[in-house]
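Hi everyone, and thanks for coming.

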Amino acid sequence: MSRRASMLFALVFAPAISLAFMSKAVAEEAQRWAVNMPKGATPVSNAIYDIHMIIFWICVVIGVGVFAVMFYSMFAHRKSKGAVAANFHENTTAEIVWTVIPALLLIVMAVPATTALLDVYDTTEAEMDIKITGYQWKWQYEYLGEDVAFVSELTTPEEEIYNTAPKSQYYLQEVSQALVLPAKTKVRFLITGKDVIHSWWVVDLGVKKDAIPGVVNEAWAYIEEPGIYRGECAELCGKGHAFMPIVVNVLEKEEYNAWLAKKKEEVAAERDLAKKTFTLDELMAQGEAAYNRSCAACHAGNGEGIPGVFPALKGSAMATTTGDYAAHLDIVVNGKAGTAMQAFGGQLSEVDIAAIITYERNAWGNSTGDLVQPLDVLKFKQGQ
Amino acid sequence: MSTDSNYYVPESSRLPIFAATGMGVMAYGAGSWVQGGSAAFFLAGALIMAFTLYTWFSTVIKENMAGMNSDQLKRSYVWGMSWFIFSEVMFFACFFGALWYVRVLALPWLGGEGGHAESSLLWEGFKPEWPLMTTPDMVVNGDAARFKGPDENMSFPGWDKLFSWLPLWNTVVLLTSSVTVHMAHTALKNHNHTKFNGWLGLTVLLGGIFLVLQAEEYIHAYQHMGLTLESGIYGTTFFMLTGFHGAHVTMGTIMLLIQFLRGLKGHFTHDDAFGFEAASWYWHFVDVVWVGLFIFVYVLA
Amino acid sequence: MAHGPAKGIGRWLFTTNHKDIGTLYLWFSFAMFLLGGTFAMVIRAELFQPGMQLIKPEFFNQMTTMHGLVMVFGAIMPAFVGLANWLIPMMIGAPDMALPRMNNLSFWILPFGFSLLASTLFMEGGGPNFGWTFYAPLSTTYAPSTVNYFIFGMHIIGASSIMGSINIIATVLNMRAPGMTLMKMPMFVWTWLITAFLLIAVMPVLAGAVTMMLMDINFGTSFFDAAGGGDPVLFQHVFWFFGHPEVYIIVLPAFGVISHIIPTFSRKPLFGYSSMVYATASIAFLSFIVWAHHMFLVGMPIGGELYFMYATMLIAVPTAAKVFNWISTMFRGSISYETPMLFAIAFVVLFTIGGFTGLMLAIAAADVQYHDSYFVVAHFHYVMVAGAVFSGTAAVYYWLPKWCGRMYNETMGKVQFWISFIGFNITFFPQHFLGLAGMPRRYADYALQFSDWNMISSIGAFIYGASQLLFIFNVIRTIRSGTPVSEPKTWEGAEGLEWTVATPAPYHTFATPPEVK
Ligand code: HEA
Ligand code: HEA
Ligand code: CUA
Ligand SMILES: [Cu+2]
């Protein structure tokens with residue numbers, strides 16, 4: 001290939017592969033080699049897809065025009081071909097034309113862009129509300145008016161992340177409890193954050209909205225098809241930013257209602273469990289699991305934390321003074337305002353909190369022998 | 001445009017690297033100081049800086065007195081000072097902008113206005129007002145709140161208490177000082193050095209009085225009004241705006257004081273008084289900022 | 001002042017000479033480019049495969065943050081200040097910069113500032129880990145305590161920028177040779193005049209932002225805490241009021257460079273000079289009123305969204321004028337393809353692609369999907385790497401003979417160009433796909449469907465990174481043993497005062513101002 005030809009080749013190289021892969025995208029490897037935005041499962045995600053394609057094609061057309069002139073000059077007016085330079089350097093008409101034409105094109109783009117945005121913003125007449133709260137590093141979902149709420153955390157094990165176990169299909173996209181929604185229902189999301197800013201993003205729903213502490217933002221979705229939709233946190237929120245995925249499980253309306261009824265029963269059962277007395281072994285076992293799910297992200301699996309950022313619990317005075325666990329209980333239930341230590345009282349069940357505290361007081365060489373019962377936690381909560 | 005072929009390019013100089021070192025040490029020192037470390041590095045850096053600046057300014061003054069500065073270089077100094085003041089304007093604009101944003105947008109939104117009805121999910125019962133006396137934190141957390149609003153604020157207290165309202169006196173003092181510094185300039189233009197020294201001295205004095213009054217106001221706020229940096233967004237914006245202004249008045253007063261001392265030494269002539277003029281522009285700027293503060297922080301509340 | 005440079009290290013420490021200071025800036029910025037590039041290599045190596053292989057997530061965040069900060073504030077901005085120092089006095093016929101001692105100060109602050117910033121990586125708690133945009137409250141309440149060094153570091157770096165800009169404005173407005181009217185100034189000077197204005201206007205706002213952080217962290221204020229009546233979103237408004245003009249601060253001087261190189265190698269005067277000046281000024285003006293296009297998802301009222309969308313789209317108009325002018329300059333020229341020209345042409349193509357994706361991002365509804373995804377990363381590397389870095393590289397090749405009196409190796413230059421060009425596109429083009437498919441940015445680890453494009457992107461990054469080694473080799477080789485050149489005009493088509501002085505440019509130029517007709 002001549003030098004010139006190879007240059008031309010390279011200049012079109014990038015767009016060319018993308019086109020090649022676009023046709024391939026139709027094939028079964030669609031996901032792996034995806035090159036474009038998915039159309040998604042809601043009217044809004046479709047509207048976004050459409051406006052995306054409109055602008056994309058307008059840009060392609062302009063680009064082809066502009067680069068065509070440029071490559072023509074590069075090719076036809078080469079010095080090596082003996083081209084002699086003209087000397088013009090001004091042309092008011094041309095300048096006006098290429099100011100006005102882009103301006104008109106922009107107006108053409110602005111019209112559909114405006115309607116699409118109005119669509120995104122139309123949160124009126126929703127049939128149900130879900131409050132979504134971002135925490136470092138998990139999501140809490142509350143079904144407003146239903147007395148159902150739960151926390152949804154990553155369940156991918158450390159071994160997969162640190163490559164000592166093979167990665168499963170939904171690596172980093174699987175959670176302890178999916179958000180369950182009914183199909184064909186206008187759902188409004190009320191999105192907020194508890195500590196830092198997160199952002200709740202599910203591509204297929206066409207929803208992304210910042211979860212800002214102290215602020216409630218709104219978004220909405222009307223999902224046609226039942227199915228499982230996966231998303232992720234899109235705003236840098238600390239070290240677990242890549243590890244707080246979203247899973248939305250959409251059911252037909254009747255199934256959803258059945259699910260909701262069952263969920264309510266579970267909540268009631270869990271409340272009863274708080275009155276039961278547990279043995280040390282039971283609490284340690286449950287505590288270890290709950291600790292690794294809710295606390296290890298900061299204080300580390302071995303209780304050593306990260307120096308200078310998250311304190312060690314191993315050997316901490318608070319967790320090693322036998323018999324005196326009031327302060328320990330307080331910080332776990334209420335958190336510590338103005339630090340990353342969040343209030344777990346509203347996130348975890350009494351049983352979990354009791355188990356975690358018992359575990360922390362008796363693991364990694366901490367050896368208070370203290371046994372904290374769910375009832376103690378319940379009393380502490382009611383007492384304040 | 002370059003008309004003077006004798007543009008003076010100084011020989012190499014040790015001053016800049018000393019100043020840079022001073023700034024570096026100060027930055028490191030400030031960083032460790034605010035986290036509870038020792039202030040030693042910060043003070044050492046500040047000392048290097050002070051010493052360097054002193055030498056630097058004396059050098060520049062000596063060069064000028066020795067007639068080494070062409071008209072063109074003097075114009076460069078004028079441009080330099082003007083654009084520096086512009087950068088200061090933008091610094092204040094940032095804080096005024098923050099005040100505007102909070103008052104006009106953020107607080108009403110927290111209170112559920114402007115399409116943010118759902119804010120009540122978090123801040124049930126919060127009512128936006130300015131000055132903000134009851135923070136959202138207090139509404140929700142009661143006594144456990146970290147940000148407790150002030151007991152009183154600095155706003156216009158009503159016509160009957162007009163004359164015991166400190167900010168009004170501050171305004172009078174500062175506006176007067178702008179006039180006196182202008183009088184000093186006029187005197188200098190008229191070759192009247194005695195009057196120049198007098199008016200300039202008076203200006204410095206007024207600057208000092210302003211600072212004393214301001215300190216008085218702060219002490220009162222902290223001791224009697226429960227108004228501190230920690231009392232929510234009102235205290236935050238109040239102290240940051242007036243505080244940065246106060247810091248600039250301090251700078252301006254020092255600048256004018258130095259010009260006053262130089263005036264006594266007879267450094268200035270009617271057509272060559274850049275040091276004084278620069279200080280006086282700065283002073284007028286500080287004054288204009290105060291007028292903005294007076295209106296937006298004290299009166300329109 | 002007739003004599004040459006002082007001897008030894010003192011020459012560099014104490015210098016007041018614009019050429020020395022320009023050289024210092026350029027070397028410093030290149031060192032920072034290598035540092036920031038090394039951080040990028042760490043990022044790309046970790047992202048080569050899913051799973052955490054090399055580093056921990058908390059360190060990954062520090063790498064991303066430091067990469068952005070070092071590249072923007074340490075590499076690109078000082079590189080163009082270095083070019084300004086070298087070239088503006090020569091281009092306008094001035095003996096030196098207007099305020100030579102302050103010039104030296106502006107430079108020497110930088111090594112202190114960046115040492116402070118980089119040293120936090122070794123402290124307890126680690127370096128800044130909140131992104132180069134350092135949104136509160138991640139950067140305040142939830143930041144490692146080293147954030148205080150970051151804050152004061154940014155303060156002095158900002159002071160350096162402000163002083164540097166004051167100097168440039170004073171030089172341009174006050175030091176032009178007789179006859180050099182504003183509308184005769186070379187484009188590079190014009191773009192820098194406007195850039196300097198932008199800098200003076202927005203660096204103080206950045207200082208305000210970090211000061212508010214400082215107060216919230218240490219002194220109990222509540223700027224960014226809704227509990228006290230503040231608002232985390234306030235931080236973003238303040239930051240982007242600085243941050244958006246900042247991206248044009250990065251690219252306007254690059255436009256200036258390109259406006260010299262394309263006419264030279266097309267052997268034809270720049271088309272539409274005055275419209276270029278007005279376009280630059282319009283871009284600068286518009287850059288002040290579009291900042292919230294970075295904040296389409298924070299929950300602004302719809303009126304705000306629409307306004308910022310329309311205003312942002314408008315920027316395409318003056319930018320279009322620039323692109324069309326460059327192409328018209330090439331049209332019916334007599335074009336030759338030396339290394340600087342290759343980089344300049346690549347600039348036009350790739351910057352335009354980056355501009356198109358910018359326009360897509362400006363569509364608020366579509367930004368719902370693009371925002372904080374790799375699509376944004378692709379966009380800004382197209383405008384900043386293919387924009388600023390390519391034009392900086394072009395500038396070095398173009399003016400190097402004038403600076404050191406030696407010619408670089410053309411073949412090596414061309415090889416570097418092709419490796420860079422290909423490596424760059426392999427790195428960043430696939431990132432568009434990743435973003436559209438749903439991969440968020442600032443992710444230490446990712447789901448399996450993103451594996452393939454990430455691997456390709458990483459391979460491209462290593463290729464592109466390696467090409468920089470060739471660049472530095474070529475430059476050092478030229479300085480030490482390149483073929484000597486001595487005629488004032490290195491390039492046949494070059495115009496401007498800098499090409500009238502001897503080659504290499506004498507230590508002091510224009511002791512008496514030249515007459516410009
Ligand atoms: C050199 C730096 C640079 C430049 C020049 C630009 C140029 C532009 N940018 Fe970019 N941008 C960044 C650097 C830059 N940007 C960075 C660093 C970020 C991310 C920050 C972060 O979050 O970390 C960002 C992010 C960013 C966003 C936010 C995305 C998000 O986070 O969701 C948006 C949204 O509007 C945007 C828009 C634009 C637009 C409209 C332009 C326009 O100026 C482009 C104009 C140019 C053209 C359009 C091409 C040429 C024109 C023609 C050939 C003529 C005809 C064309 C038409 C009529 C369509 N940019
Ligand atoms: C002008 C500024 C600039 C420049 C030049 C670059 C250059 C590069 N950038 Fe980046 N980048 C930013 C500005 C810039 N960047 C910003 C602002 C962000 C956002 C940060 C944030 O989210 O907060 C970002 C973020 C960013 C990300 C996203 C990180 C994330 O979201 O987690 C990635 C990922 O690929 C990336 C890659 C690269 C690469 C591969 C280069 C390459 O071009 C670098 C090439 C240079 C070298 C490699 C150095 C020279 C060579 C050597 C030292 C030799 C050794 C190397 C080898 C042998 C291979 N950058
Ligand atoms: Cu939560 Cu990112
Ligand atoms: Cu922008």
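Predicted model: local features only at pLDDT ≥ 70, side-chain atom pairs only at ≥ 80, totals over all residues.

**The copper site and its surroundings**

Now look at where two of them sit: His244(C) is in helix 7 of chain C, residues 232-266, while His294(C) is in the loop between helix 8 (273-287) and helix 9 (302-314) of chain C. These two are 50 residues apart, so the pair links distant parts of the chain.

Is His244(C) buried or exposed? His244(C) counts as buried, because its relative accessibility is 3%, and the cut-off for buried is under 20%.

Next, the iron atom of ligand 1, which is 4.6 Å from the copper ion (ligand 4). Which residue is the single protein donor to this iron atom? That is His379(C), through NE2, 2.2 Å away. You'll find His379(C) in helix 13 of chain C, residues 374-404.

Finally, let's hop over to chain A. In helix 9 of chain A, residues 326-334, the buried residues include His328(A), Leu329(A), Ile331(A), Val332(A) and Val333(A). And what covers the buried residues of this helix? Among the covering elements are helix 8 (317-320), helix 10 (350-362) and helix 11 (374-383) of chain A. Just past the end of helix 9 of chain A, Gly335(A) has a positive phi of about 65°.

Conventions: Residues numbered from 1 in each chain as written. Chains lettered and ligands numbered in written order. Heavy atoms only, no water. Donors = N, O, S within 2.8 Å, 3.2 Å for Na, K, Ca; no water. Helix = DSSP H or I, 4+ residues; strand = E, 2+ residues; numbered from the N terminus. Buried < 20%, exposed > 50% of the residue type's maximum accessible area, 1.4 Å probe, protein only. Contact = heavy atoms within 4.5 Å.
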